[in-house]
Amino acid sequence: MGDVSVIGAGAMGSALTEVLAASGADVRVWNRTRQKAEALAGPQVRVAGSAAEALASSALAIVAVTDHLVARTLVAEAGEDLEGKAVASTCVVTPEQARDLDAVVSAAGGRYLDLAILANASEVPSGDCVFLLSGDRAAYEAHRDRLESIGRISYVDGAPGAAYISGMAVVVAYLPMAVALLQGLRICERHDIPLDWFKPTVLEFYPFQIRSLLERIAAKPNPSAADVEGSVDVMADWAAENAAYLREMDLDTGMFDALHRLFSAASDAGHGDAAWTRIAEHVASN
Ligand SMILES: NC(=O)c1ccc[n+]([C@@H]2O[C@H](COP(=O)([O-])OP(=O)(O)OC[C@H]3O[C@@H](n4cnc5c(N)ncnc54)[C@H](OP(=O)(O)O)[C@@H]3O)[C@@H](O)[C@H]2O)c1
């Protein structure tokens, strides 16, 4: 028996196999294209002959294949071999797909977990990546130490699929931030601002600002005008100013044009003096 099995040796399965092996786990790995699994073989990693064999050979199996349907097929083929096993799937799923996988695993006597990974495969070896779990709590508790060896683990809820919905709430801010950081880099290039100044300064600026912002946007609304730290109109102007600066530098203004439209719509609806932190309500109330 191994300590943990990994089904799928694509980018994510390979990264997980390497991290688990580095933590001292005895890993069984299976991949449809066998050479990819063999490339991972070593003192801690043995290649299984089939997905069913890999699923049967450890108390915890992590399924890291393309999507829900592939995972479902492999798990269903394992049949009774899943008795007492915990199966964690890394596929991005809807709640319905998660319930479906849960049903297939449970029918075969296993216990299902969603394993939502808030990172790219290349970031996993850092050990700092965030992994969200939902599904069978007893399975999570039983394998908590092993799961914690791959990164920052957080159990969200017993409902299958909950990890993905919660992950979406966290990750939705990533793309706009990434685009804005790219624009910051372009500004540095155009104005000969050194990267070794830009990077540490960004890292100094954002951790505090994110904490402060989260406190403000999560605070209960105070209707007193004196309490309005930044109004909808101020943010509309700020978005327009940012767009104008970027336009001058011949950089794309699309993101700030959209923000300007958002705040202007709230202002046009009579919320110009209101706190911008209630923007979702101001816009929704139209
Ligand atoms: N990569 C990331 O950064 C990342 C981040 C978060 C979550 N995830 C999730 O992790 C899962 C794997 O992603 P990945 O990036 O590792 O994908 P990938 O590199 O494209 O690998 C896909 C894996 O699925 C296997 N596969 C595909 N169709 C199959 C089939 N019909 N039967 C058996 N195996 C099959 C592939 O086997 P072959 O090698 O034989 O083709 C390969 O092992 C996905 O569900 C993804 O949503 C990935």
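Me: Where does Gly 24 lie?
Reply: Gly 24 sits in the loop between helix 1 and strand 2 (27-30). Helices (H or I, at least four residues) and strands (E, at least two) are DSSP runs, numbered from the N terminus. The model is predicted: local features need pLDDT of at least 70, side-chain atom pairs count only at pLDDT 80 or more, and totals for chains, interfaces and linings use all residues. Residues are numbered from 1 along each chain as its sequence is written, and side-chain values use heavy atoms, with hydrogens and water left out.

Me: Why is Gly 24 called partly exposed?
Reply: Its relative accessible area is 48%. Buried means under 20%, exposed over 50% and partly exposed in between (1.4 Å probe, protein chains only), so Gly 24, at 48%, is partly exposed.

Me: What does Gly 24 touch, not counting residues up to four places away in sequence?
Reply: Gly 24 touches Asp 3 and Gln 44, where contact means heavy atoms within 4.5 Å. Asp 3 is 21 residues apart from Gly 24 along the chain, and their C-alpha atoms are separated by 9.5 Å.

Me: What makes Asp 192 exposed?
Reply: Asp 192 has a relative accessible area of 69%, so it counts as exposed. Its place is in the loop between helix 9 (174-190) and helix 10 (195-218). Phi of Asp 192 is near 50°, a positive value in a residue other than glycine.

Me: How do you know that Asp 250 is exposed, and where is it found?
Reply: The relative accessible area of Asp 250 is 66%, which means that it is exposed. Asp 250 belongs to the loop between helix 11 and helix 12. Phi is positive here too, near 65°, and the residue is other than glycine.

Me: Which residues make the contact of helix 9 with helix 10?
Reply: The axes of helix 9 and helix 10 come within 11 Å and cross at roughly 145°. Helix 9 contributes Leu 181, Gly 184, Leu 185 and Cys 188, and helix 10 contributes Leu 195, Phe 198, Val 202 and Tyr 206.

Me: What makes a set of residues a nonpolar core, and how many residues has the largest?
Reply: A nonpolar core is a set of buried Ala, Val, Leu, Ile, Met, Phe, Trp, Tyr and Cys residues joined through side-chain atoms within 4.5 Å. The largest has 34 residues, and those with the most contacts inside it include Leu 16, Leu 20, Leu 115 and Phe 131. Helix 1 (residues 11-22) gives the most to this core, six residues. Beyond four places in sequence, the contacts of Leu 115 include Ile 62, Phe 131, Leu 133, Ile 150 and Tyr 164. Apart from this core lies another, of 28 residues, among them Val 65, Val 75, Cys 91 and Leu 101.

Me: Which residues of helix 8 are buried?
Reply: In helix 8 (residues 162-171) they are Ala 162, Ala 163, Tyr 164 and Gly 167. The buried residues of helix 8 pack against strand 5 (86-89), strand 6 (111-117), strand 7 (130-135) and strand 8 (152-157).

Conventions. Axes fitted to C-alpha atoms, helices over the stretch in contact; angles between N-to-C directions.
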